[in-house]
Amino acid sequence: TLSRDLATDAEVPLLEQAHRALSESSVLALKLAREHKRRFPSSTLDQERELIEVTALVDLGRMDEARRLAHRYSEQHPGSAYVGRINRIVRQPSER
């Protein structure tokens, strides 16, 4: 539908910006991922958004929050290709 296409047109650039921000500012990447979650709570791109959010949280040293989000993600998307990747991200740096 037209409204869905407009939402996708708006959300893809936002997630792309969040992804690019990971290399320079985890704070900005987290902010953008959470803005995406607020604006597009039922997005079909939610798995990409969660990956960005978990990565930013780990980069910021917010491990407990990252692990909670990763656990919730694994429960909500048990067959996702991202589960293993997210679980690797939340491991302690010495375990990576």
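This is a predicted model: local features need pLDDT of at least 70, side-chain atom pairs count only at pLDDT 80 or more; totals for chains, interfaces and linings use all residues.
**View 1. The buried residues of α4.** Met-63, Ala-66, Leu-69, Ala-70, Tyr-73 and Ser-74 are the buried residues of α4. Buried means under 20% relative accessible area, exposed over 50%, and partly exposed in between (1.4 Å probe, protein chains only). Residues are numbered from 1 along each chain as its sequence is written, and side-chain values use heavy atoms, with hydrogens and water left out.

**View 2. The other side and the span of α4.** Asp-64, Arg-68, His-71, Glu-75 and Gln-76 are exposed on the other side of α4. The helix has 14 residues and reaches 20 Å from its first C-alpha to its last. This is close to the 20 Å expected at 1.5 Å a residue; the expected span is 1.5 Å times one less than the number of residues. Helices (H or I, at least four residues) and strands (E, at least two) are DSSP runs, numbered from the N terminus.

**View 3. Arg-34 and its two glutamates.** Arg-34 and Glu-53 meet through their side chains in a salt bridge of 2.8 Å, N to O. The pair links distant parts of the chain, 19 residues apart: Arg-34 sits in helix α2 (residues 26-39), Glu-53 in helix α3 (residues 46-59). A salt bridge is a side-chain nitrogen of Lys or Arg within 4 Å of a carboxyl oxygen of Asp or Glu. Arg-34 also forms a salt bridge with Glu-65, with the closest N and O atoms 2.5 Å apart. Glu-65 lies in helix α4 (residues 63-76) and Arg-34 in helix α2, so this pair ties together parts 31 residues apart in sequence. Arg-34 is partly exposed at 31%, as is Glu-65 at 23% relative accessibility. Glu-53 is buried, at 3%.

View 4. Glu-53 and Lys-37 meet in a salt bridge of 3.0 Å, N to O. Glu-53 is in α3 and Lys-37 in α2, so the pair ties together parts 16 residues apart in sequence. Lys-37 is partly exposed, with a relative accessible area of 25%. Salt bridges that share partners join Arg-34, Lys-37, Arg-49, Glu-50, Glu-53, Arg-62 and Glu-65 into one network. The structure holds 7 salt bridges.
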